[in-house]
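Trainee: Could you take me on a close look at one part, the aromatic rings and what lies around them? I would like one connected account, with the cut-offs given along the way.

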Amino acid sequence: EDRNTRFAPAPTAGAPAAEVQPPPAEASAGAAAIDGDVAVRFRLPGGRPLVLNFDAATTLGDVMDSVANYLDDPIEEFLLRVVPTRRDYASGDVAARALTVGGVGVPHMATVIVQLASAAGVQRAVVPIAARAPAAPFGPPALAGAGPAADDPDPLAASLGFLVGLRAGHLGDRALQDLQREVLEQAHVCIPDGPQELDVYLVGPGAEEAPGVRVLGADEARAACEGRQDFIHFEPISDAIERGDRVVVAAPMGDAGLRAAQAYLASSVHRWLLELKCDGAGARVRETKSMDPITRRRFTRGQIVAILRFGCP
């Protein structure tokens, strides 16, 4: 039995047709059966082989999105290291994503090594937001059923195109602040709204009340957060409160005793809510997350805005 075939990750819907790289003895037969202009061999983290078929006009952005479907952590930034050309292309580099397979000279059956940004020696290359800002300001949202002509650029795509490829979890404080500013300026489009399902409580310096948002004192917060840990850093929330760090508590509506409350470091839930959603094909859409990371209940737009402002570094 071919263990590569048995343990290969299942492709996500919408990804290009893919097959596991055959063993060396069968490589020539496997390559001859591949359809498409360019078939590329990928070596995924951990040594897992993969073959994907692309057209020469396929952008590296589409290639990166396809590869992300087969990674254990599709959110983490990664690097494509093309062996024949000895060139590296970072998934967070907007300029690199616009290049094409043919334009960068990827030959048929080239080998591309995929390296995660967390690995030593991998450089992150995120193009500054200022270099990608639209030339004209973005106006109010179009009425339902109305939209730009087929040959006109989508003004929303122009304004928020920089979000594609960015991973909030891997941005520095300055870039995160720029990203938040853009999202808040287009909150009516970027941040989904809905009926209130949660009561939100802010703990720490700078906490202010807002619709659906209250301020919680340190003593009450410590009692409600006893035994709770942050969902990213796994740090005890009670320790963060003792240090005076900012904390966000989310409880089902009406849970005045906070018995079913979840608690997070404000910085963690802040980055979580700045992440873009993905469609069924794994491609990122121009809409931020809106759900509690644990309970999956939804925040309102006003609550999200309050959390983003409270948790911004």
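Mentor: Let's start with Tyr264, a buried residue with a relative accessible area of 1% (buried is under 20%, exposed over 50% and partly exposed in between, with a 1.4 Å probe and protein chains only). Please bear in mind that this is a predicted model, in which local features need pLDDT of at least 70 and side-chain atom pairs count only at pLDDT 80 or more, while totals for chains, interfaces and linings use all residues. Residues are numbered from 1 along each chain as its sequence is written, and side-chain values use heavy atoms, with hydrogens and water left out.

How many aromatic pairs does a search of the whole structure find? There are three in total (ring centres within 6.5 Å, using the six-membered ring of Trp; planes under 30 degrees apart are stacked, over 60 edge-to-face, the rest tilted). One of them joins Phe42 and Phe54 in an edge-to-face arrangement, with 6.3 Å from centre to centre and 85° between the planes. Phe42 sits in strand S2 (residues 38-43) and Phe54 in strand S3 (residues 49-54), so this pair ties together parts that are 12 residues apart in sequence (strands are DSSP E runs of at least two residues and helices H or I runs of at least four, numbered from the N terminus). Both partners are shielded from solvent: Phe42 is buried, at 2% relative accessible area, and Phe54 is also buried, at 5%.

Now back to where we began. Phe231 and Tyr264 make an edge-to-face pair too, with their centres 5.3 Å apart and their planes at 80°. Phe231 belongs to the loop between helix H8 (218-224) and helix H9 (237-243), whereas Tyr264 belongs to strand S10 (residues 262-265), so here the pair ties together parts that are 33 residues apart in sequence.

Let's look next at helix packing. Helix H10 meets helix H11 through Ala266, Ser267, Val269, His270, Leu273 and Leu274 on the H10 side, and through Ile304, Ile307, Leu308, Phe310 and Gly311 on the H11 side (a contact means heavy atoms within 4.5 Å).

Two loop residues are worth a visit as well. Arg48 is found in the loop between S2 and S3, the two strands that carry Phe42 and Phe54. Arg48 is partly exposed, at 22% relative accessible area. From C-alpha to C-alpha, Arg48 lies 10.0 Å from Val114, although 66 residues separate them in sequence. Glu197, for its part, is placed in the loop between helix H7 (187-190) and strand S7 (198-203), and it is partly exposed, with a relative accessible area of 31%. Beyond its neighbours within four places in sequence, Glu197 touches Ala251, Pro252, Met253, Arg297 and Arg298. Of these, Met253 is 56 residues away along the chain, yet its C-alpha atom is 5.8 Å from that of Glu197.

Finally, let's step back to the whole chain. The protein chain holds 11 helices and 12 strands, and buried residues make up 42% of its 313 residues. Among contacts with a separation of 6 or more, 65% are between residues 24 or more positions apart.
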